[in-house]
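Subject: Structure for you to look at

Hi,

Here is the structure I promised to pass on. Have a look at it first, and then read my notes below.

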Amino acid sequence: MKFRTRLVLTLTAATAVTVTSAFGAASFVVERSEERQLDEALRAEAHLEAGELAAQHGALHVTARAGPAADDIGRLMKFAVIYADDGRVIDITSTFATGAPSYASVSHPPGNAFDFWYGADHLRGVFVAIPEHEHEMLLLAAPRSDLEKDNAFLRQVMLVAALLSIGFTLLVTWRVVRQLTRGHEAIAAAARKVADGDLAARVALGSGDDEVVQLARDVDEMVRRLEIVVEGQQRFIAHAAHELRSPLTSLYGELQLALRKSRSAEEYRTSIEEALDSARRLKALAEDLLALARIGAEREPSRTPVALAEVAKAAAAWVSREATLRHVELAIQSDGSQVLGHAIDLERLFRNLIDNAVRHSPEGGQVTVEARSDGDRVHISVLDEGPGVAPEERDRVFDPFFRAASERRRDDGSGLGLSIVREIARVHGGEVSVEQGPEGKGARFSASFPAAPPG
Ligand SMILES: Nc1ncnc2c1ncn2[C@@H]1O[C@H](COP(=O)(O)OP(=O)(O)OP(=O)(O)O)[C@@H](O)[C@H]1O
Ligand SMILES: [Mg+2]
């Protein structure tokens, strides 16, 4: 059953129970009070009648007095019988058309009102003693029909009122609940669409309760981010497949070419070297992809203190061959800052940055690596004297597989280096960025991390 239906039914049932019990209690109280009025009127009238009878001389005769009058009901038809104590009827009103009821069937203690049936008439009567006539009793009765008609009418009115109020409650709660659950239903519908794979689905709730509108906004934001992540992953897979295909194709082509006819040992050697080169690129790419996947999945770095000067030196050693070839001078300046983290990953971070810096440096240029602490944070930077990164590319250089147009012709390098740098920085609580070097020269890649606590 839908939540909305259940809520409406529950509220309506609660109203129905409340209204019916309130009306039931009211009707019971009214009926009892009318019956009490009738009883009092009956008793008062019976005593008056008995008083008048006592004043009679000779045989007793029912008087010509009218019937009792209950306040709300008016004068009632009078039914009266004078019984002798042996049950004989001494006198009777003509309203008892078929004779008096037998004394045994109606006998009750004097003063106690009681109900009895006379033919089709439902009567309420009371016995009273007749003063100075100890062997005679007066039964005075009146029909209950007026009282019952009133009560039946009251019950009908209450039933109609109860049905109307239940119907009204149903209508109002339905409208209110629909209004209240509109937002939830829109969120549920959007969630269902997202679950079916439609990441473009949005709740887009314009109005409603603040909490629900906020929830709808949060859900939309969550789906928007999910869409970006999924699109990013799809792009990543497409790029990765593409990058893997090029060295694989050349490897395949080189091996096929080598086998086509018999060749000299020298030619075989050249072919194998070219195939090896492709295999090396494949290996490097697979390693970078693995590193990116592993670091991307990490939530917390290890808590070991790492001296940044050490890892920067180890990284520079990896790149020193290329630096020497290009006559690029490498300078490392550090104040002994330490961060908590993973030494191998931090070394990879420096290696990727220094490798880029050296590769983009002009012949004879200088690459400066710095690590300094300002108390609770450690700032690192790698500065070169190359062409720098164009402002419009400064965000995109960190995207996987991004390479500036001038770089795309280069065979080695896949464009994963800076993505790995960004992930390592993130895992260590930092963010990496690039800006222009001093005096508008070169590029400066920098990041800052929380410093390792001293000691
Ligand atoms: N120091 C730099 N100076 C100028 N441009 C740079 C510098 N470092 C990176 N870039 C630009 O950013 C792009 C991405 O760099 P990244 O390190 O991710 O990839 P790559 O160096 O091309 O390949 P890989 O690092 O995977 O071998 C580079 O292709 C280059 O265009
Ligand atoms: Mg690189």
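A quick term before anything else: two strands pair if DSSP finds at least two bridges between them. Helices (H or I, at least four residues) and strands (E, at least two) are DSSP runs, numbered from the N terminus.

This is a predicted model, so local features need pLDDT of at least 70 and side-chain atom pairs count only at pLDDT 80 or more, while totals for chains, interfaces and linings use all residues. Residues are numbered from 1 along each chain as its sequence is written, and chains are lettered from A and ligands numbered from 1 in the order in which they are written.

Let's start with strand 3. Residues 79-84 make up this strand, and 5 of its 6 residues are buried (20 or more other C-beta atoms within 10 Å of a residue's own; 12 or fewer is exposed, in between is partly exposed, and C-beta atoms are placed from the backbone). Strand 3 has an antiparallel pairing with strand 7 (residues 133-143), over 6 bridges, and there A80 sits opposite L140. It also pairs with strand 4 (residues 89-92), again in the antiparallel sense, over 3 bridges; Y83 has V89 as its bridge partner there. The hairpin of strand 3 and strand 4 has 4 residues between the strands, and G87 takes a positive phi near 95° in it.

Next, the helix pair. Helix 4 (residues 210-260) and helix 5 (residues 265-297) have axes that come within 9 Å and cross at roughly 165° (axes are lines fitted to C-alpha atoms, for helices over the stretch in contact, and angles run from 0 to 180 degrees between N-to-C directions). Where do they meet? Residues of helix 4 including L244, L248, L251 and L255 meet residues of helix 5, among them A275, L282, L285 and L289; contact here takes C-beta atoms, placed from the backbone, within 7 Å.

Further along there is an open sheet of 5 strands, in the order 9-11-12-14-13, with mixed pairing. Strand 9 (329-334) and strand 13 (432-436) are at the edges with a single partner strand each, so one side of each is left without a neighbour in the sheet. From one strand to the next, the twist averages 15°. Strand 13 pairs with strand 14 (residues 443-450) in the antiparallel sense over 5 bridges, and S433 stands opposite S446.

Helix 6 (residues 308-325) lies across strand 9, strand 11 (366-373) and strand 12 (377-383), and runs at about 180° to strand 9. Helix 7 (residues 343-360) touches strand 11, strand 12 and strand 14, its direction making about 150° with that of strand 11. Helix 7 also packs with helix 8 (residues 417-427) at an angle of about 145°, their axes 9 Å apart.

Not counting residues up to four places away in sequence, E385 touches S361, P362, G365, Q366, G437, K441 and G442.

Cheers

Definitions and conventions. Two residues are in contact if their C-beta atoms, placed from the backbone, lie within 7 Å.
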